[in-house]
Amino acid sequence: MNATLTRRHALALAAALATPLAHADTWPQGKPIRWVVAYPAGGGSDFLARQLAPQLGKQLGANLVIDNRPGAAGIIGTDNAAKSPADGFTILTGDNGAMVFHEAMYKKIPYAPSDFTPVGFMARFPLIVAVHPGAGFADGRQWLDALKKNPGRFSYASPGIGSPHHLAMELLKNRTQTFVVHVPYRGTALAVQDVISGQVPMMVLDTAAGLPQIRAGKVKALAVMSRKRIPALPDVPTLDELGIKDFEVTAWQGLFVPRGTPAEIVTRLSAEMNKAIVVPEVRAKLEDFGLEVTPTDGPALASFIQKETTFWHALIRERKLSAE
């Protein structure tokens with residue numbers, strides 16, 4: 001009796017261990033894959049997912065369904081993905097906030113970045129220092145001089161506390177020893193409206209939201225926060241050119257799956273994503289929207305996040321920043 005039970009147990013255990021491998025070999029079997037975007041439809045994260053999904057789905061032989069779950073600065077959607085089955089049928093767009101900032105900005109969040117396995121870097125939005133055209137700043141140098149000479153006189157808008165735009169300005173304030181009052185909004189649209197109307201003189205804008213406003217003359221670009229000038233704004237200097245050396249902050253986007261997803265699935269998903277995002281038609285649409293396409297594999301993204309976490313958590317502690 002005991003021998004029979006032992007044999008049955010061994011067979012059951014062997015079957016259980018074999019299941020993920022067999023599943024990974026056949027995944028996705030034509031079944032739909034849910035792509036969680038923790039922000040509203042129409043935003044930059046949503047645009048990236050919707051442009052990439054058809055091509056990636058074609059390569060995988062599956063329909064990728066975008067599931068927008070906005071709220072709480074991306075925490076609601078990210079937590080939903082973290083608590084989903086690790087079977088390859090839930091993927092997530094993760095960004096600076098979800099994977100780096102929130103853990104330090106909030107006393108407690110319902111998930112941990114370690115609840116996910118990185119699949120790969122997808123793209124990033126360069127950030128732009130933009131001002132109201134009538135704010136009185138002729139160029140970036142005059143703007144920086146004004147901030148240094150008038151601590152507390154100026155304010156800046158951001159899409160929200162803990163956004164890359166907010167943290168980028170806080171880093172700039174830290175590096176230049178300036179004091180500019182933060183005015184957080186609930187999203188980019190409201191923030192940029194008040195800069196356009198002159199209610200707030202300046203903000204940090206990502207290229208997706210900023211380029212249309214800059215091209216229309218509604219706001220003026222003074223500097224970009226990339227290491228190099230960006231093709232869409234070739235005449236706008238970098239902060240490095242304005243004397244703030246080695247300054248670079250972007251709003252980046254990576255692809256993630258719940259931790260425990262079979263490694264074979266992660267490997268295939270990473271390879272197919274890297275192919276899909278550089279398909280000429282896909283890449284062109286993303287770059288026209290202001291994105292820089294920067295695909296990598298999962299280990300490279302994991303290493304990048306580790307460095308980002310060390311750097312930004314130190315800054316958040318130093319400046320006593322909090323989302324609560």
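In this predicted model, Leu52, Gln55, Leu56, Gln59 and Leu60 of helix H2 touch Arg268, Leu269, Glu272, Met273, Lys275 and Ala276 of helix H9. Sorted by class, this contact brings together six nonpolar, two polar and three charged residues. Two packed helices are described by the angle between their axes and the distance between the axes. Here H2 (residues 44-60) and H9 (residues 263-276) pack at about 130°, and their axes lie 9 Å apart. H2 is therefore oblique to H9, and their crossing is right-handed.

Let's turn to the charged side chains. Side chains of opposite charge can pair when their charged atoms come close, and the count in this model comes to 14 salt bridges. Asp67 counts as buried because its relative accessible area is 17%, under the 20% cut-off, while Arg69 is partly exposed at 33%.

Another pair joins Lys83 to Asp79, with the closest N and O atoms 2.3 Å apart. Lys83 is exposed at 57% relative accessibility, whereas Asp79 is buried at 15%. Elsewhere, Arg124, Arg227, Asp246, Glu248 and Glu292 are linked in a network of salt bridges.

Finally, look at Lys173 in helix H6 (residues 164-176). Lys173 has a relative accessibility of 5%, so it counts as buried. Beyond its neighbours within four places in sequence, Lys173 contacts Tyr156, Thr178, Val180 and Arg319.

Definitions and conventions
Residues numbered from 1 in each chain as written. Predicted model: local features only at pLDDT ≥ 70, side-chain atom pairs only at ≥ 80, totals over all residues. Heavy atoms only, no water. Axes fitted to C-alpha atoms, helices over the stretch in contact; angles between N-to-C directions. Helix = DSSP H or I, 4+ residues; strand = E, 2+ residues; numbered from the N terminus. Parallel < 35°, antiparallel > 145°, perpendicular 65-115°, else oblique. Left-handed = near helix turned anticlockwise from the far one by under 90°. Contact = heavy atoms within 4.5 Å. Nonpolar A, V, L, I, M, F, W, Y, C, P; charged D, E, K, R; others polar. Buried < 20%, exposed > 50% of the residue type's maximum accessible area, 1.4 Å probe, protein only. Salt bridge = Lys/Arg side-chain N within 4 Å of Asp/Glu carboxyl O.
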